[in-house]
Amino acid sequence: MAEGRASETPTRDALSPLPLIEGAQSAESLTASLLHPIERKAGRVWWALFFLTLGGTGVFGLAIAVTLARGIGAWGNNVPVAWAFGIIDFVWWIGFGHAGTLISAILVLFQQKWRASVNRFAEAMTLFAVTQAMLFPLLHLGRPWLAYWLVPYPSTMDIWPQFKSALPWDMVAITTYLLVSLMFWYLGLLPDLASARDRATTPRRQFWYGLASLGWTGSARHWHHWRTAYLLLAGLATPLVLSVHTIVSFDFAIAQVPGWHSTIFPPYFVAGAIFSGLALVLTLLLPVRRPLGLHHVITNKHVDILTKLLLATGLMVSYGYLQEHFFAWYSGDEYEMAAYAFKRTGTWGWLFWVQMCTNVLVPQLFWFPKLRHNLVVVWFAALAVDVGMWLERFTIIVPSLAHDFLPRSWEHYSPTWVDFGLLFGSMGFFGLLFLLFLKFIPPVPISEVKELHHELDHALREKGA
């Protein structure tokens, strides 16, 4: 990427009064500021958060150890509530990964330049969230050391996975999504790892960043192959946004359980996944942009666009809530109507109404520009959506299983400390991975931001001329 002189005026998007890049910037200043988070020494706040998340990871490890030692009986699961926190956490975490693919892959194909400053945050979030998600089905197997039985490999005993079960589907969906997301993320890192290598001041940093950059020199040939591969992976990753959570929704839709057996689940789950993923992007992005010195490239313009997308997907989710209750009434099926009535008014009815407030009412704040530009309001609203989407998965799974067809089989569900340990411990593990990402990898794509700066600066000069 050619180095240029500093712009005399702030670079602005010609179609919006909000800038995508703030201040008078040059290619040199952008490179220096975007590499600063990984070049400076970790401060006290970073170390405090590191030990906090490390403690959460320890709780996660303890909860996993208890699960392996005692079995699933250490959880609060019972009959008929055989699925509970384990699957709730799985669906919750896998949903967070969808915003990464949306922002990174789909917006690449639509040539949306604003994504340049936030796509790496979203991609990293995808990888770390999918890592958490894939652990829960393994633990829920009861014997995770036999998880390879789910893989359709040739067996001398002619024992094959049961393809009527959703577990092999989830295995294929998660591994495919993780591998494609990892390749897409790493490919985008290559030019920036080379920049970190060239600016490294110690032999150790030069060696590791040089090894990770795979010999990138920035030649025309390298850029040509890089762009071709990036577009191909973006095209490959785009269908995964629809396929992965559609397959996850089949875990429920194929079951003859009141409240689950519905054709609305696939689009409803996909919209909910993107909705929750966008909320987590805002939750993670807003607290770190200024401490890392990235507020000049992650501006209010980006927050404005992300909140508009959150509002749009929130309306889709709200429509899904309305339709599932309407279909239950319109079907005339007494079991369906009873299941949804219990969801609204039963033991966990208060969680349902909290979910309605967080996922339906809170996003409506973003109709108003002043609230979209109030970062405190945006952060708390995004956090509320994160919580609300977990509650949504709870109200889908637990009430439907606890009140099935036969009243004599109804049973109350209560989680144990191991359930909560797995939930909050996985948050700690996620936070630990995210902190390490912020410390060792450029959190904003340098080459893409410099390209965006060059294009917007050129458009501004043409407009001025």
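## The second largest cavity

Helix 14 contributes three residues to the lining of the second largest cavity, the most of any element. This is a predicted model. Helix 10 (300-331), helix 12 and helix 14 each give at least two residues to that lining.

The lining consists of Tyr-268, Tyr-321, Glu-324, Lys-343, Phe-352, Gln-355, Glu-392, Thr-395 and Ile-396. By class, four of these residues are nonpolar, two are polar and three are charged.

## Two lining residues up close

Tyr-321 sits in helix 10. Its relative accessible area is 3%, under the 20% cut-off, so Tyr-321 is buried. Between Tyr-321 and Phe-85 there are 236 residues in sequence and 21 Å in space, C-alpha to C-alpha.

Phe-352 also lines the second largest cavity. Phe-352 is buried, with a relative accessible area of 3%.

## The largest cavity

How many cavities of 30 Å³ or more are there? The count comes to two. The largest cavity has a volume of about 70 Å³. Helix 4 (98-109), helix 5 (119-140) and helix 6 are the elements that give two or more residues to its lining.

Gly-100, Thr-101, Ser-104, Glu-123, Thr-126, Ser-181, Phe-184 and Ala-237 form the lining of the largest cavity. Helix 4 has the largest share, three residues. The classes are two nonpolar, five polar and one charged.

## The largest pocket

Now for the pockets. The largest pocket has a volume of about 1,200 Å³. Its lining has 44 residues. Leu-49, Thr-53, Leu-284, Met-427 and Gly-431 lie nearest the centre of this pocket. By class, the lining holds 34 nonpolar, six polar and four charged residues.

Several helices build the lining of the largest pocket. Helix 2 (44-70), helix 3 (85-96), helix 9 (265-289), helix 12 (349-361), helix 14 (375-402) and helix 15 (417-440) each supply at least two residues. Which helix gives the largest share? It is helix 15, with eleven residues.

## The second largest pocket

The second largest pocket has a volume of about 470 Å³. It is lined by 23 residues. Nearest its centre lie Ile-38, Arg-205, Tyr-209, Lys-439 and Phe-440. The lining has 15 nonpolar residues, one polar residue and seven charged residues.

Helix 1 (27-39), helix 2, helix 6 (166-199), helix 7 (203-212) and helix 15 each supply at least two residues to the lining of the second largest pocket. Helix 6 makes the largest contribution, six residues.

Two of the residues nearest the centre of this pocket, Lys-439 and Phe-440, also meet in another way. Lys-439 lies over the face of Phe-440, at 5.6 Å from the ring centre.

## Aromatic rings

How many aromatic pairs does a search of the whole structure find? The search finds 46. The cut-off for edge-to-face is an angle over 60 degrees.

Is each of these two residues buried or partly exposed? Phe-352 is buried, at 3% relative accessible area. Trp-353 is partly exposed, at 46% relative accessibility.

Rings also join into a cluster. Ring pairs link Phe-85, Phe-342, Trp-348, Trp-390, Phe-394, Tyr-413, Phe-420 and Phe-424.

## The whole protein

The protein has 16 helices and zero strands. Its radius of gyration is 24 Å, close to the 23 Å that the globule rule gives for 465 residues, so the protein is as compact as a globular protein of that length.

The C-alpha trace spans about 75 × 55 × 40 Å along its principal axes. Of the 465 residues in the protein, 55% are buried.

Technical notes: Residues numbered from 1 in each chain as written. Predicted model: local features only at pLDDT ≥ 70, side-chain atom pairs only at ≥ 80, totals over all residues. Heavy atoms only, no water. Phe/Tyr/Trp six-rings, centres within 6.5 Å; stacked < 30°, edge-to-face > 60°. Buried < 20%, exposed > 50% of the residue type's maximum accessible area, 1.4 Å probe, protein only. Lys NZ or Arg CZ within 6 Å of the ring centre and 35° of its normal. 1 Å grid on protein atoms, 1.4 Å probe; cavity = no way out; pocket = protein on both sides within 12 Å on 5 of 7 lines; lining within 4 Å. Points joined across faces, edges and corners; volume = space filled by probe spheres on them. Helix = DSSP H or I, 4+ residues; strand = E, 2+ residues; numbered from the N terminus. Nonpolar A, V, L, I, M, F, W, Y, C, P; charged D, E, K, R; others polar. Rg over C-alpha atoms; globule rule 2.2 N^0.38 Å.
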